[in-house]
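Thanks, everyone; I would like to take a few minutes to walk through one model, starting from a single residue and then widening out to the chain. Please have the structure open while I talk.

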Amino acid sequence: QVQLVESGGGLVQAGGSLRLSCAASGSIFSINTMGWYRQAPGKQRELVAAITSGGSTHYADSVKGRFTISRDNAKNMVYLQMSSLKPEDTAVYYCNADEVLIAGYRLLEVWGQGTLVTVSS
């Protein structure tokens, strides 16, 4: 049906940058809000950033001014540009689509498999 596939994770030194990408595939008519979540070892999954189909954005306080979320509606893709990375940003980052419209029905809360970001000090 619909799949979200993340890419771009890896190992980076503190102060460095990474760009995550998430591609949504399937017979998609539209996607409402897309977001990036992360889960560090031993911690709950948390929202990092989200962007509506109209381009409105929301960021967690911990990443404001350092991370930028963007999307390409025509390509069904969402990106997360991460700068000034800190060791506490280390986590598995997940792409999320809160509502995906497909011909005749909708899917709620679609998740990717995650991509690991490791920030070394």
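Predicted model: local features only at pLDDT ≥ 70, side-chain atom pairs only at ≥ 80, totals over all residues.

**One glutamate and its surroundings**

Let me begin with E99, which touches S30, I31, N32, R106, L107 and L108, leaving aside residues up to four places away in sequence, where contact means heavy atoms within 4.5 Å. Residues are numbered from 1 along each chain as its sequence is written, and side-chain values use heavy atoms, with hydrogens and water left out.

E99 sits in strand β10, residues 91-102, strands being DSSP runs of E with at least two residues, and helices runs of H or I with at least four, numbered from the N terminus. Its side chain is joined to that of R106 by a polar contact of 2.4 Å, a term that stands for a pair of N or O atoms within 3.5 Å where, within protein, one must be able to donate a hydrogen and the other to accept it, and where residues adjacent in sequence count only if both atoms are side-chain atoms. Why does E99 count as buried? Because its relative accessible area is 18%, and buried means under 20%, exposed over 50% and partly exposed in between, with a 1.4 Å probe and protein chains only.

Now to the loops. N76, between β8 (67-72) and β9 (77-82), has a positive phi of about 55° although it is not a glycine, and it is buried at 17% relative accessible area. S84, in the loop between β9 and β10, likewise has a positive phi, of about 50°, without being a glycine, but S84 is partly exposed at 40%. For context, most residues other than glycine have a negative phi. G26 lies between β3 (18-25) and β4 (28-31) and is partly exposed at 46%; its C-alpha atom is separated by 10 Å from that of L101, 75 residues apart along the chain.

Finally, the chain as a whole. The protein chain has 0 helices and 12 strands, and 44% of its 121 residues count as buried. Of its contacts with a separation of 6 or more, 56% come from residues 24 or more positions apart. The C-alpha trace spans about 50 × 25 × 20 Å along its principal axes.
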